[in-house]
Protein chains: 6
Amino acid sequence: MRILLVNPNTSADMTERMVATASAVLDPGVELVGITATRGMPYIASRAEAAVAGSLTLEMIAENQQGADAIVIAAYGDPGLIAARELFDVPVTGMAEAAMLTACMLGQTFSVVTFSRTLTAWYEDAVRLAGLDARCAGIRVPDASFQSVATVQHELEGELVKLIDEVVARDKADVVILGGAPLTGLAERIADRVPVPLVDPVSAAVGQAQLLARLKVRPARAGRFARPGAKPAVGLSPALGAWIEHRD
Amino acid sequence: MRILLVNPNTSADMTERMVATASAVLDPGVELVGITATRGMPYIASRAEAAVAGSLTLEMIAENQQGADAIVIAAYGDPGLIAARELFDVPVTGMAEAAMLTACMLGQTFSVVTFSRTLTAWYEDAVRLAGLDARCAGIRVPDASFQSVATVQHELEGELVKLIDEVVARDKADVVILGGAPLTGLAERIADRVPVPLVDPVSAAVGQAQLLARLKVRPARAGRFARPGAKPAVGLSPALGAWIEHRD
Amino acid sequence: MRILLVNPNTSADMTERMVATASAVLDPGVELVGITATRGMPYIASRAEAAVAGSLTLEMIAENQQGADAIVIAAYGDPGLIAARELFDVPVTGMAEAAMLTACMLGQTFSVVTFSRTLTAWYEDAVRLAGLDARCAGIRVPDASFQSVATVQHELEGELVKLIDEVVARDKADVVILGGAPLTGLAERIADRVPVPLVDPVSAAVGQAQLLARLKVRPARAGRFARPGAKPAVGLSPALGAWIEHRD
Amino acid sequence: MRILLVNPNTSADMTERMVATASAVLDPGVELVGITATRGMPYIASRAEAAVAGSLTLEMIAENQQGADAIVIAAYGDPGLIAARELFDVPVTGMAEAAMLTACMLGQTFSVVTFSRTLTAWYEDAVRLAGLDARCAGIRVPDASFQSVATVQHELEGELVKLIDEVVARDKADVVILGGAPLTGLAERIADRVPVPLVDPVSAAVGQAQLLARLKVRPARAGRFARPGAKPAVGLSPALGAWIEHRD
Amino acid sequence: MRILLVNPNTSADMTERMVATASAVLDPGVELVGITATRGMPYIASRAEAAVAGSLTLEMIAENQQGADAIVIAAYGDPGLIAARELFDVPVTGMAEAAMLTACMLGQTFSVVTFSRTLTAWYEDAVRLAGLDARCAGIRVPDASFQSVATVQHELEGELVKLIDEVVARDKADVVILGGAPLTGLAERIADRVPVPLVDPVSAAVGQAQLLARLKVRPARAGRFARPGAKPAVGLSPALGAWIEHRD
Amino acid sequence: MRILLVNPNTSADMTERMVATASAVLDPGVELVGITATRGMPYIASRAEAAVAGSLTLEMIAENQQGADAIVIAAYGDPGLIAARELFDVPVTGMAEAAMLTACMLGQTFSVVTFSRTLTAWYEDAVRLAGLDARCAGIRVPDASFQSVATVQHELEGELVKLIDEVVARDKADVVILGGAPLTGLAERIADRVPVPLVDPVSAAVGQAQLLARLKVRPARAGRFARPGAKPAVGLSPALGAWIEHRD
């Protein structure tokens with residue numbers, strides 16, 4: 001089995017870290033291949049950036065889907081998730097959606113704890129898109145600032161542990177999701193210092209992708225997620241244009 | 001006052017028709033300028049296509065916003081609406097959102113009547129995004145098929161009038177929105193043959209854009225809709241890349 | 001075009017101030033006529049008072065509707081709005097509804113900031129009636145007291161500016177509505193001192209009324225908003241009784 | 001104990017029938033006094049009429065509240081209910097609200113079955129006002145027409161029994177409310193011919209009023225339902241004006 | 001008339017106290033019989049305990065239903081309520097549900113005030129089960145600890161009065177429910193010291209049971225609450241097994 | 001790794017079939033152990049039966065949890081799920097919840113298709129408990145009857161395939177869940193004959209249990225799902241009583 005992890009950010013080291021962390025949930029014999037965007041931004045933080053990334057994600061999948069049994073969109077916020085599910089025939093998971101659905105099996109309410117206030121509007125959209133408003137106890141950010149997304153999980157480690165305690169006490173969160181690719185790997189490190197289960201989104205998304213591939217679900221041939229009919233397309237990336245025009 | 005109507009489809013004749021129809025709601029002295037996508041698809045119908053169009057819409061606005069007092073995204077479904085509102089400083093309206101909010105002042109429930117089943121999933125998303133689920137009585141499509149989007153409003157005119165009657169009787173819609181740019185202008189033609197008020201989306205969107213410009217609201221300097229900070233961007237269209245990098 | 005502004009309070013000076021402020025959104029050639037209640041209370045603040053005012057509003061419209069292209073109910077809380085829309089054939093807008101729907105095009109969430117705690121229950125009802133609970137970030141009131149509704153917007157100006165800052169930071173409001181006729185005109189004065197767009201309700205309501213008239217929507221002939229059949233009525237105001245009995 | 005039943009319609013015979021039917025739930029020693037509107041309409045059916053009736057209801061209570069331990073607003077749709085609860089200090093129940101809350105103890109979903117399509121918009125408002133949308137399986141009306149509200153329950157008896165069967169089978173209603181004062185007494189007559197429990201609204205409303213009086217709850221002295229402060233009032237009915245001005 | 005009060009806890013003195021308090025709402029001639037669990041726990045506080053109690057409640061009703069006109073499940077949280085309503089043919093009320101529905105006639109929002117944090121998750125479930133989320137202003141607990149459930153209402157009396165004040169001011173509760181059998185009787189004692197109406201759950205549940213019996217509603221013969229068909233059952237309590245197997 | 005599959009029905013052959021089917025999603029080296037209830041009913045179909053089964057499930061887990069890395073409650077409807085999650089320290093999944101959450105990654109709406117009308121009320125409760133009402137397109141049952149739960153999936157195979165087509169066309173379901181243990185294995189057999197992805201609940205529940213164990217989430221030490229404190233318990237099954245009393 002082969003799972004494709006698509007990072008719509010241009011940071012290759014983040015792709016590597018996500019692949020490394022998520023490998024812990026893989027069965028032996030499952031290959032996890034990470035690819036990194038060559039256009040776009042080093043780290044998506046706003047919804048305008050996510051709109052651009054949604055389109056890039058489709059380009060990246062169109063170019064690399066060959067041979068994949070499942071695809072993971074590796075940016076918390078899931079740019080292009082619904083579009084990709086509609087357009088392509090393999091199962092697709094996203095970090096935000098997979099983390100939230102996984103959290104729903106560990107408690108009744110989850111909170112998302114992340115590191116930057118500019119991310120919260122995008123993360124709220126992911127909650128609403130999943131229809132999970134009633135289960136989300138909040139999206140919270142520490143007050144402290146940080147130097148770089150590459151090291152933020154170490155810089156703010158103490159603040160985040162403290163914030164999780166608060167989120168449990170004040171917002172009554174049963175589970176905490178550590179939102180945002182830059183926090184990948186932090187869950188394992190602090191799990192014993194916080195009072196509720198933690199969810200690492202990329203591990204959840206890769207684990208769910210593996211499960212969907214195992215369940216051997218067939219792609220939709222009717223309804224909202226059947227592949228759209230062929231349509232002329234001008235000026236798009238070659239692979240995406242070809243796929244939209246059914247020249248595959 | 002100058003209003004920019006952005007059509008993210010590649011059909012220039014549809015742009016013209018929308019500008020012509022919407023001019024009826026403009027005050028003398030307001031200029032309405034239509035622009036048409038040069039990349040993309042002739043007519044967006046799926047959510048994958050809408051994801052691509054969302055990105056194109058941002059490119060088009062970045063290139064043409066200079067001197068605009070308000071912007072209208074002229075595709076029912078509003079690709080890139082929230083992203084554009086976040087990224088740019090002028091008021092932005094969308095056909096779906098403006099039609100639905102306008103309909104809310106004419107009754108308690110509205111139905112959207114359109115011409116193709118593949119559009120409905122996208123139109124449902126627009127309802128949900130606006131938080132208007134409780135006011136939407138349904139999205140309905142006639143069973144009949146048609147030859148071309150250019151002539152669909154004439155081909156299906158009789159079917160659509162009949163469907164509106166049904167929607168009023170069965171779904172208890174108080175108002176009907178004629179969804180989709182290809183139906184532009186139909187409302188005026190059939191208004192006297194149907195038992196409830198009709199909303200023409202592009203007229204609503206242009207009218208609301210004009211009103212927002214008149215209200216002289218200031219752009220947000222804080223919160224979800226404040227312009228995101230400068231960020232490096234690689235490989236995007238020149239104007240959009242420059243705006244994201246704050247080189248304006 | 002002629003728009004009728006109906007103030008169900010007995011304060012004629014407030015009617016004048018509203019007409020003056022709202023004129024800024026009118027096209028040249030549109031006439032805005034304000035009328036003031038001759039029965040009732042100087043300023044409606046509770047829901048019991050609003051129930052009485054709902055009935056008075058219908059009387060006032062019945063008496064003055066002749067020649068009006070659209071009607072504005074000029075009390076935030078919109079007494080009699082749904083009833084008036086059902087009973088009469090011209091478009092009717094209300095200050096609360098129009099302000100909230102307009103705010104929905106400027107951000108995802110709005111807060112209502114007003115000056116007296118007794119108003120909040122009524123304002124909450126307006127949110128619920130519009131089905132906009134999911135978009136309302138709260139209804140907030142400063143702690144300070146004031147001398148008179150005639151001068152409250154000057155007395156509390158500093159407090160209100162401060163409260164708007166708090167509402168943006170704490171409740172994450174994207175837009176703020178200044179609720180209550182006594183705050184008419186304040187938005188323009190403080191717009192540059194607050195970090196998010198402000199909505200002035202009477203300007204929104206008059207602007208929306210003008211747009212509805214421009215859209216030339218036909219009145220409903222079926223469903224919830226078709227005019228009720230003739231019915232005997234005893235002891236009501238002459239014009240309202242005549243209209244209910246279809247003696248028009 | 002003395003319970004006041006306020007009929008905001010002008011039909012005295014309907015008042016009598018309601019008093020007669022509801023007496024079956026009263027304890028010995030409880031007096032039920034019915035009063036009938038002297039202004040207004042013989043039978044309220046639209047929301048415009050209900051807005052007028054809301055104001056009349058307050059007048060009637062203001063005039064007759066002396067000595068009452070609880071008040072019942074005896075029109076399904078509950079005109080003026082929230083206003084009356086705010087304004088007066090005795091417990092107030094309404095036929096729609098009481099019937100729905102009672103139904104909630106007999107099953108998970110209820111349907112309202114009534115006799116005229118024009119009533120349904122008003123009855124839907126009552127569901128929404130109570131926040132019981134999730135428990136309402138629908139509001140249904142037979143297709144047949146009838147001669148007079150005085151005899152409608154006999155004219156349509158067969159149709160209504162059949163409709164209840166349908167409502168149980170198709171809408172999965174666990175309980176059926178017979179909505180509208182003209183159906184008072186029908187529940188008892190057909191209870192053995194239908195497969196689910198029936199609720200007679202006036203019996204529920206009088207029974208709940210009696211229970212609230214028994215529970216000896218104190219009136220609110222703070223919050224949404226504390227009596228509003230004194231306020232000048234011009235041109236209202238003497239008793240209502242006096243109560244609003246605190247001249248009691 | 002005979003009402004059966006079923007206490008699924010093993011504390012007989014609490015049963016007695018509840019019977020004594022609730023007697024105040026009974027008509028002369030109504031007999032209220034309390035029974036106490038012989039298996040289980042002295043005081044249910046968690047949802048695991050409530051799951052066990054739900055099964056015990058069914059056993060207790062199966063054994064004692066003979067001759068009862070209505071049944072009250074006398075633990076706030078209502079273990080087994082829906083199951084009992086489905087299985088048995090007499091009306092069944094629960095303390096949480098009855099208190100909340102009664103509170104809905106006294107204001108728009110209610111808060112539940114109780115004495116121990118471990119109870120809140122269970123009480124939240126009761127709100128959700130009743131579909132009353134939109135009317136619940138919160139579930140609140142004082143910070144202070146206590147010695148014993150038998151005396152907690154005296155130990156925390158001052159704290160609870162203070163908390164009710166806060167709940168009214170901060171959460172805008174119109175009504176307060178004193179949740180949990182150990183607070184039975186407190187409402188009457190402190191009613192004059194708090195600014196909003198209080199609901200005593202066991203009085204509400206017994207009062208509502210009496211009303212349902214008075215309304216003479218027939219049991220459902222179709223739908224969700226019709227008695228399930230006979231089914232073999234192994235190893236259950238004799239009366240419950242017999243009832244499930246229709247050996248009655 | 002060792003996963004415990006707990007069947008709260010008394011049918012051992014159904015346990016075997018579920019273990020056989022679910023094994024397809026297991027990694028090599030994971031052991032799946034099925035246990036069958038010795039008390040209770042052969043097949044739970046009503047909510048009264050589910051209430052009894054909830055208590056039995058806790059007994060079965062208490063007795064068999066030793067050495068388990070995750071637990072699956074193997075009855076669609078998930079009796080005792082929340083209680084078990086609160087009481088025990090290993091991850092617990094349920095067939096209904098796991099199937100619905102898995103379906104949420106394959107489309108926006110799912111329908112549950114099952115074989116007997118008496119099951120639907122219970123299945124609706126599972127939707128509501130998960131907070132997934134907005135994503136459930138309906139719960140549907142074929143009109144045909146059947147002989148035995150052991151063979152129902154063969155008896156009704158044709159009817160179910162046809163019903164799935166209807167559910168896709170009429171209810172717009174993107175995914176279909178085959179609800180109820182007796183349908184275990186059917187998904188694989190008919191997957192190529194239906195137009196949307198199918199979910200087999202026991203495979204989903206076992207797959208999710210395996211994933212939760214892989215994610216090595218720690219049990220909650222605070223909040224709603226922390227293990228309740230020790231409490232005296234009388235007359236319960238030995239293992240459950242001991243666990244509740246913390247004699248483990």
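A:Arg85 counts as buried, at 7% relative accessibility. This is a predicted model, and in it A:Arg85 sits in helix α3 of chain A, which runs over residues 81-87. From there the side chain of A:Arg85 reaches the backbone oxygen of A:Val92 at 2.8 Å. Read on for the surroundings of this arginine, then for the chain pairs, the core, the helices and the cysteines.

**Around A:Arg85**

- Which residues does A:Arg85 touch, not counting those up to four places away in sequence? Within its own chain they are A:Val92, A:Thr93, A:Glu97 and A:Phe225, and from chain F they are F:Cys104 and F:Met105.
- A:Leu119 is 34 residues from A:Arg85 in sequence, and the two C-alpha atoms are 24 Å apart in space.

**How the chains meet**

- Chain F and chain A are in contact through 50 residues of chain F and 49 residues of chain A.
- Between them, chain F and chain A bury about 4,300 Å², and 58% of that area is on carbon and sulfur atoms.
- Which three residues supply more than any other three of the area that chain F buries against chain A? They are F:Met105, F:Arg218 and F:Arg224, with 17% of that area. F:Met105 is also one of the residues that A:Arg85 touches.
- Other pairs stay apart: chain B and chain E do not touch, and their nearest C-alpha atoms are 15 Å apart.
- Chain C and chain F are likewise joined by no contact, with their closest C-alpha atoms 15 Å apart.

**The nonpolar core**

- The largest nonpolar core has 150 residues.
- Inside this core, the residues with the most contacts are A:Met100, A:Phe110 and A:Leu178, together with F:Met100 and F:Phe110.
- F:Met100 is in contact with F:Tyr76, F:Phe110, F:Ala126, F:Val127, F:Ala130, F:Leu132 and F:Ile177, leaving aside neighbours within four places in sequence.
- A:Ala103 is in helix α4 of chain A, residues 95-103, and is buried, with a relative accessible area of 1%.
- Beyond its neighbours within four places in sequence, A:Ala103 is in contact with A:Phe110, A:Val175, A:Ile177 and A:Val199.

**Helices inside the structure**

- Helix α2 of chain B, residues 47-64, has 18 residues and spans 25 Å from its first C-alpha to its last, close to the 26 Å expected at 1.5 Å a residue.
- Why is α2(B) largely enclosed by the rest of the structure? It is because 16 of its 18 residues are buried.
- B:Ser46 caps the N-terminal end of α2(B), with a side-chain oxygen 3.4 Å from the backbone nitrogen of B:Ala48.
- Helix α4 of chain C, residues 95-103, has nine of its nine residues buried, so it is largely enclosed by the rest of the structure. Among the buried residues are C:Met95, C:Glu97, C:Met100 and C:Thr102.
- Helix α5 of chain E, residues 120-129, is largely enclosed as well, because seven of its 10 residues are buried. Those buried in α5(E) include E:Thr120, E:Trp122, E:Tyr123 and E:Glu124.
- What covers the buried residues of α5(E)? The cover includes α2 (47-64), α4 (95-103), β5 (110-113) and β6 (136-140) of chain E.
- After α5(E) comes E:Gly131, which has a positive phi, near 70°.

**Cysteines**

- How many disulfides does the structure hold over all chains? The structure holds zero.
- B:Cys104 is in no disulfide, and the nearest cysteine sulfur, that of C:Cys104, is 8.5 Å away. B:Cys104 counts as buried, at 1% relative accessibility.
- E:Cys104 is in no disulfide either, with the nearest cysteine sulfur, that of D:Cys104, 8.5 Å away. E:Cys104 also counts as buried, at 1% relative accessibility.

**A loop serine in chain D**

- D:Ser11 is found in the loop between β1 (2-7) and α1 (12-22) of chain D.
- Is D:Ser11 buried or exposed? D:Ser11 is buried, with a relative accessible area of 14%.
- D:Ser11 is in contact with D:Thr36 and D:Pro42, leaving aside neighbours within four places in sequence.

Terms used
Residues are numbered from 1 along each chain as its sequence is written. Chains are lettered from A and ligands numbered from 1 in the order in which they are written. This is a predicted model: local features need pLDDT of at least 70, side-chain atom pairs count only at pLDDT 80 or more; totals for chains, interfaces and linings use all residues. Side-chain values use heavy atoms; hydrogens and water are left out. Helices (H or I, at least four residues) and strands (E, at least two) are DSSP runs, numbered from the N terminus. The expected span of a helix is 1.5 Å times one less than its number of residues. Buried means under 20% relative accessible area, exposed over 50%, partly exposed in between (1.4 Å probe, protein chains only). A polar contact is a pair of N or O atoms within 3.5 Å; within protein, one must be able to donate a hydrogen and the other to accept it, and residues adjacent in sequence count only if both atoms are side-chain atoms. A nonpolar core is a set of buried Ala, Val, Leu, Ile, Met, Phe, Trp, Tyr and Cys residues joined through side-chain atoms within 4.5 Å. Contact means heavy atoms within 4.5 Å. A disulfide is a pair of cysteine sulfur atoms within 2.5 Å. Buried area is the accessible area (1.4 Å probe) that two parts lose on being put together, summed over both.
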